[in-house]
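Morning, everyone. Please take a look at the model on the screen, and I'll walk you through it.

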Amino acid sequence: MGSTFLITLREGLEMALVVAIILAYLKRLGREKDFRTVWVGTGAAIAISLLAGGLIFALLGELEGRPEEVLEGVIAFSAAGVLTWMVFWMARQARHIKGELHAKVDAAVAAGSAGALAGIAFIAILREGMETALLLVSTSVGTESSIGQLTGGLLGIAISIGLGYLVYIGSRKVNLRVFFRVTGILVLLFAAGLLAKGIHEFQEAGYLATLNEHVFDISSITVLDPNSSTIGEFLKGIFGWSPNPSIEML
């Protein structure tokens, strides 16, 4: 639950911010009639992202043995890279996003192009949506789907939409700087867990050697065992915790 909540909260808010900034600016320009165009672009991007995520998940379900382990490892490594890049990119670009979106909207409005306006939302949301799909697949492969994962994901989406609405109406109650700073730290820890997961999958497939297969083994401590306790499962989902990791996973 924790991993899906963190992903959909962070990524969902980034998507909600894009839409909120565009809609708020169009409202200021007195162009509420263009809201529908923005929503069309947003909806199309979300639909494509869901389709891509579904296809990747279905492909993984068809694989067994070493091919499955290798692909799971590749996805975990890719997701870890995307997460790390996302955190540092947001730290550098956050202050410029609003101005860039306003400039693009101005250009689309001046050209009278509904397609260009829809494209602004489509491209921005598609990027975030594809990232979200990859990250959700990376947390789901190798684990059993549960109602907790679904609940966490839906809760993250609901909160991100609420925060996006507050941004749209100009509320000062949302301190985005603190939000992205705190979630950025959690996301980097999550990325480290995905990196460890990728290493584990490649070692299972025999493509990566190990100097010490089990540095320690505390799986007998039930509360820390992902297969035996909610706490252990939570730690594995968020931080890639393993009670018996190889030295490379550390």
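Let's start with a helix pair. Helix 3 and helix 4 pack at an angle of about 165°, and their axes are 11 Å apart. That angle is why we call helix 3 roughly antiparallel to helix 4. As for handedness, helix 3 passes helix 4 in a left-handed crossing.

One caution before I go on. This is a predicted model. Please keep that in mind throughout.

Now step back to the whole chain. How many helices and strands does the secondary structure come to? Seven helices and zero strands. Read from the N terminus on, the elements run α-α-α-α-α-α-α. The C-alpha atoms fill a box of roughly 65 × 35 × 30 Å, taken along the principal axes.

Back to helix 3, with another partner. The axes of helix 3 and helix 6 come within 8 Å, and they cross at roughly 160°. Angles over 145 degrees count as roughly antiparallel, so helix 3 is roughly antiparallel to helix 6. The crossing of helix 3 and helix 6 is left-handed. What kinds of residues make up this contact? They divide into 21 nonpolar, four polar and six charged.

Next, empty space. Rolling a probe the size of a water molecule over the atoms shows where such space is left.

The largest pocket has a volume of about 1,300 Å³. Which elements give two or more residues to its lining? Helix 1, residues 2-28, is one of them. Then come helix 3, at 65-111, and helix 4, at 114-140. Helix 5, at 147-168, and helix 6, at 176-205, complete the list. Helix 3 gives the largest share of that lining, 13 residues.

In total, 41 residues line the largest pocket. If you want to find its centre on screen, pick out L17, I21, A94, I97 and L176, which lie nearest to it. By type, the lining of the largest pocket divides into 24 nonpolar, five polar and 12 charged residues.

How many cavities of 30 Å³ or more does a search of the whole structure find? One. The largest cavity has a volume of about 40 Å³.

Who lines the largest cavity? Helix 1 gives the most, with four residues. By type, the lining of the largest cavity has seven nonpolar residues, no polar ones and two charged ones.

Where do the two partners lie? Both R10 and E14 are in helix 1, four residues apart, which is about one turn of the helix. The structure holds three salt bridges.

To recap. The chain comes to seven helices and zero strands. Helix 3 is roughly antiparallel to helix 4, and roughly antiparallel to helix 6 as well. Helix 3 also gives the largest share of the lining of the largest pocket, while helix 1 gives the most to the lining of the largest cavity. That's my tour. Thank you.

Conventions. Residues are numbered from 1 along each chain as its sequence is written. This is a predicted model: local features need pLDDT of at least 70, side-chain atom pairs count only at pLDDT 80 or more; totals for chains, interfaces and linings use all residues. Side-chain values use heavy atoms; hydrogens and water are left out. On a 1 Å grid over the protein atoms alone, a cavity is a set of points where a 1.4 Å probe fits but cannot get out, and a pocket is an open set with protein on both sides within 12 Å along at least five of seven lines; lining residues have an atom within 4 Å of a point. Grid points are joined across faces, edges and corners, and a volume is the space filled by probe spheres set on the points. Ala, Val, Leu, Ile, Met, Phe, Trp, Tyr, Cys and Pro count as nonpolar, Asp, Glu, Lys and Arg as charged, and the others, Gly among them, as polar. Axes are lines fitted to C-alpha atoms, for helices over the stretch in contact, and angles run from 0 to 180 degrees between N-to-C directions. Angles under 35 degrees count as roughly parallel, over 145 as roughly antiparallel, 65 to 115 as roughly perpendicular and the rest as oblique. A crossing is left-handed if the near helix is turned anticlockwise from the far one by less than a right angle, and right-handed if clockwise. A salt bridge is a side-chain nitrogen of Lys or Arg within 4 Å of a carboxyl oxygen of Asp or Glu.
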